[in-house]
Amino acid sequence: MRLLIVGGVAGGASAAARARRLSEDANIVLFERGPDVSFANCGLPYHIGEIIPDRNKLLVTTPEMLRQRFQLDVRTRTSVESIDRGRHVVRIRDLSTGLETEEKYDKLLLAPGAAPIRPPLPGVDLPGVFTLRNLPDVDRIKEIVDRGAKHVVVVGAGFIGLELVENLVHRGVQTTLVELNEQVLPPLDKEMTAPILEALKSKGVDVRLRDSAESFELCPEGLRVRLKSGEALTAQMVILGVGVRPENKLAVDAGLEIGPRGGIRVNDYLQTSDPDIYAVGDAVEIRDFVTGDPAQVPLAGPANRQGRIAADNIFGRESRYRGTQGTAILGLFGKTAALTGQSEKSLKRSNHPFRKIYIHPAHHAGYYPGAEGMTIKLLFHPDTGRILGAQAVGGAGVDKRIDIIAVAIQAGMTVYDLEEMELSYAPQFGSAKDPVNMVGFVAAGLLRGDHPQIDLEEALAVAGTGTGTLVDVRTPTEYASGHIPGAVNVPVDDLRARLGDLPQSGELLVYCQVGQRGYLATRILMQNGFHVRNIGGGYRTFLLWRGTDGL
Ligand code: FAD
């Protein structure tokens with residue numbers, strides 16, 4: 001078996017190592033256009049910030065190591081230029097000499113990744129306008145920071161853009177973040193990004209939402225960046241983090257099937273439309289695990305797993321890829337934001353029915369010192385309770401909860417299963433009712449009808465029409481320090497005595513700080529014959545919405 005692999009980083013290197021473990025006899029050649037194989041893309045921003053000062057730490061392995069330990073024929077600075085499917089050969093170019101030769105294959109694996117998008121804007125190719133994909137990019141960016149760049153403009157507030165911002169701020173660089181969207185971290189729902197926006201602002205980052213870079217020109221200070229809003233910023237460097245595009249040229253030229261967004265089409269075995277050619281990683285179109293719809297999700301975990309699975313199939317072990325959930329996480333200035341599965345906006349876009357709930361627990365028992373707050377949003381099917389997605393934002397413990405829910409999604413679990421999950425507990429790690437159990441209780445209560453809930457947006461709309469009354473069941477002190485406009489205050493502890501003060505007609509829309517007292521109030525009022533719903537997540541959810549101008 002002669003296996004040729006195009007791309008020597010996440011997907012390609014994983015496939016090569018797995019292939020060797022499965023076959024000592026195979027002839028495996030790994031082609032990589034760049035100078036490095038298997039480097040840590042995900043660590044790149046942290047070398048700029050000098051959190052990872054030693055550049056060598058980013059080299060997970062070296063060509064020498066792959067040659068010696070895995071007996072791989074590793075060719076760096078070698079680009080695969082075209083595929084001749086009929087003759088089973090690829091044409092390769094040695095980038096140091098310019099020499100072109102042909103290599104024969106029995107099976108070919110494409111793992112060429114995705115290239116950062118460079119929008120065709122005037123001046124986008126000027127020196128000083130960068131994208132970040134590999135170590136040579138990092139070297140160029142870091143050199144400018146090391147030379148004492150005063151101001152940098154980062155365009156795009158996705159994961160990579162935000163990681164760059166954090167590292168630039170860490171290096172003392174004044175940073176402006178420009179984002180076309182009305183929120184940072186576009187994969188998350190807007191209200192869930194409020195704490196991230198707040199963290200950026202508290203660190204002095206100049207955040208420009210609903211704006212975009214229109215052109216770049218040289219000026220005495222470095223670069224002048226003209227924004228759509230009409231403003232002009234001067235900076236020593238611009239870094240574009242506006243998304244990636246699958247590197248599909250080889251596949252397109254070879255006539256392989258391509259999805260509408262440019263991803264190479266593969267089946268569950270990661271086989272392209274040519275059975276002798278497999279493809280993995282950022283370059284492929286995958287199936288969304290939750291909806292089954294085609295999707296493109298450029299993440300390291302899926303690329304690595306796909307590499308292993310493709311190698312299994314190439315060497316005769318049937319192995320299916322289950323699809324991608326899009327489980328992702330960001331750390332920013334001590335805050336954490338993470339998600340798995342579908343978001344509310346993606347479910348709306350694809351017209352999938354859902355319900356949602358919010359909770360605002362502490363990451364471990366509140367009485368144990370150091371408890372940090374978080375918000376979890378859970379999306380689930382309105383009839384079956386199947387979990388469709390989750391997002392969490394806060395500090396410590398966010399990663400753990402999203403990972404547990406990610407596993408629950410993989411296992412096809414429902415909100416009723418979350419109620420029953422038995423998780424490790426001691427006060428410094430969690431709570432006897434873990435936040436994961438809590439989202440289960442709240443969601444299952446809603447579906448069973450024990451705990452009627454209304455989404456904040458709908459509650460405000462109902463109150464606005466005059467058919468509902470907002471009732472704040474917190475203490476008068478809490479109410480005085482801020483409440484939803486138009487709400488009346490009847491503390492939960494006085495509620496039974498003050499039932500007569502409440503309107504008998506129309507609906508009562510109850511809320512407290514996080515939803516818990518509102519739940520009790522809802523139960524009291526229901527049993528006294530009122531038409532009542534609890535506003536999911538309470539006043540904290542209102543603050544999240546207000547924090548992103550969502551209301
Ligand atoms: P890549 O790892 O990009 O490898 C593809 C390789 O193929 C490239 O090196 C390219 O030079 C080579 N190549 C392309 N065409 C050819 C050709 N014709 N001939 C020869 N070689 C070719 N994901 C996460 O899950 N978490 C993170 O925290 C995270 N952080 C990231 C931070 C940064 C700055 C970047 C850039 C990415 C990050 N990612 C993260 C995404 C993750 O790195 C990618 O999803 C993953 O590397 C994709 O693997 P891949 O093998 O498909 O492509």
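**Notes on the predicted model**

1. C512 is buried, at a relative accessible area of 1%; buried means under 20%, exposed over 50% and partly exposed in between, with a 1.4 Å probe and protein chains only. C219 is buried too, with 13%. There are zero disulfides in the structure, a disulfide being a pair of cysteine sulfur atoms within 2.5 Å.

2. Before going on, the ground rules: this is a predicted model, where local features need pLDDT of at least 70, side-chain atom pairs count only at pLDDT 80 or more, and totals for chains, interfaces and linings use all residues. Residues are numbered from 1 along each chain as its sequence is written, and side-chain values use heavy atoms, leaving out hydrogens and water.

3. The C-alpha trace spans about 90 × 60 × 45 Å along its principal axes.

4. As for the inside, 54% of the 551 residues count as buried. Of the contacts with a separation of 6 or more, 61% join residues 24 or more positions apart (contact: heavy atoms within 4.5 Å).

5. Secondary structure comes to 16 helices and 31 strands, as DSSP runs numbered from the N terminus (helices H or I, at least four residues; strands E, at least two). Y425 sits in the loop between helix 11 (415-420) and helix 12 (435-448), and Y425 is partly exposed at 38% relative accessible area.
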